[in-house]
Amino acid sequence: MKLWEALYFAGFYGLAESDLDKVFRLPTTTFIGGNESSLPLREIIRRLEMAYCQHIGVEFMFINDVEQCQWIRQKFETPGIMQFSLEEKRTLLARMIRSTRFEEFLQRKWSSEKRFGLEGCESLIPALKTIIDKSSQSGVESVIMGMPHRGRLNVLANVIRKELEQIFCQFDSKLEAADEGSGDVKYHLGMYHKRMNRVSDRLITLSLMANPSHLEAVDPVVQGKTKAEQFYCGDTEGKRVMSILLHGDAAFAGQGIVYETFHLSDLPSYTTHGTIHVVVNNQIGFTTDPRMARSSPYPTDVARVVNAPIFHVNADDPEAVMYVCNVAAEWRNTFHKDVVVDLVCYRRNGHNEMDEPMFTQPLMYKQIKKQKCVLQKFAEKVIAEGVITMQEYEEEVARYDKICEEAYARSKDEKILHIKHWLDSPWP
């Protein structure tokens, strides 16, 4: 809301421009004052704009629980709450480098292959890693994930840490499968991995479910697996096992199974005690504009039906993304209810890399071509802040490129493809 709009609304309350410097007492329901109990109107508007009109948009006023609303207000209104340490910024940059350079590596090596790349939403990787770090610190030992194909290879490589050579050898058409499987297999198979989380120093098991069918079909499967794991390890409150679901914007609004799965979220026999939903909001479904695809303002409006808070965030601001994901993980840990993170981004290439998006969305893709990539924007910002030097940044990029090249060389030696490497559960 701009200042003139604020004043226009102020007309309803009998306020005018002359009142901008008048000091008002703050109600106890707001946190914008910090330690102060009263502020001039001009400052009140400025602080509210800082909280709600920057790169984060928060939807929570429909939640009919005062404690939950206050909890969210405190997370977003408190002055100076979005501060990160140098260490956190460095980690974030390193994650952005891995996410971005992984896609660029695939683009160089297999320029004529479909890979449903993450270009335009590279901050999904630090987003997921932040959620997992925070949850691990709160005692979660197992995270079960479901996702569509966009970004799947990147998630496998950089979140679940599948060996890169196993991903690269999937692109080799000469490989004979040692067991059955067919088609664009690498976008459907799952993965299971247990490792130490560096942030919490605790073991965490990550599994990405194999996708049974089309788009959102994996949602109830993830919830079923999560429920089963909670049941078998006696986790009645969902403190040790949790689920993360990724969605595309068009599918989230357009597939009925999303709504059906949401309605299981609070049923005594089905609840998994809070799922974190991350929507990769490309603002386009295949070739369809949002205005032609749904009747509500946001793709996430379907989540309002279960009183889940919704955090919209500009995916070109990795720090804002990281902050929102921290809050989402804390919310799930505190209230054990669903929460949605809406990563508002774009899709740099077409639906897949063989597609020319200029045919169907010429204006949008003219704009996208002009966009600097998010890593470049963020690197410039942290270098300017003195978090890291240009040289250190370039060394970090070169280091990861070398990891990819070495894995690529090793992948040449893979002779057969083992489906057992792609199971989402550790079958004996």
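Predicted model: local features only at pLDDT ≥ 70, side-chain atom pairs only at ≥ 80, totals over all residues.
A cavity here is a set of grid points where a 1.4 Å probe fits but cannot get out, and its lining residues have an atom within 4 Å of a point.

Searching the whole structure turns up 4 cavities of 30 Å³ or more. The largest cavity is lined by Gln 223, Thr 261, Leu 264, Ser 265, Tyr 270, Thr 272, Thr 275 and Asp 338.

Next comes the largest pocket, whose lining is made up of 34 residues. Those nearest its centre are Glu 88, Thr 91, Arg 95, Asp 133 and Val 199. Four elements each give at least two residues to this lining: the helices α4 (86–109), α5 (124–137) and α12 (318–335), together with the strand β6 (191–197). The largest share belongs to α4, with 8 residues.

Here are the two spaces with their volumes and the classes of their lining residues.

| Space | Volume | Lining by class |
|---|---|---|
| Largest cavity | about 50 Å³ | 2 nonpolar, 5 polar and 1 charged residues |
| Largest pocket | about 760 Å³ | 12 nonpolar, 8 polar and 14 charged residues |

One more residue is worth a visit: Asp 19, in the loop between α1 (3–10) and β1 (23–25). Asp 19 counts as buried because its relative accessibility is 12%, and the cut-off for buried is under 20%. Setting aside neighbours within four places in sequence, Asp 19 is in contact with Gly 14, Phe 24 and Leu 41.

Key
Residues numbered from 1 in each chain as written. Heavy atoms only, no water. 1 Å grid on protein atoms, 1.4 Å probe; cavity = no way out; pocket = protein on both sides within 12 Å on 5 of 7 lines; lining within 4 Å. Points joined across faces, edges and corners; volume = space filled by probe spheres on them. Nonpolar A, V, L, I, M, F, W, Y, C, P; charged D, E, K, R; others polar. Buried < 20%, exposed > 50% of the residue type's maximum accessible area, 1.4 Å probe, protein only. Contact = heavy atoms within 4.5 Å.
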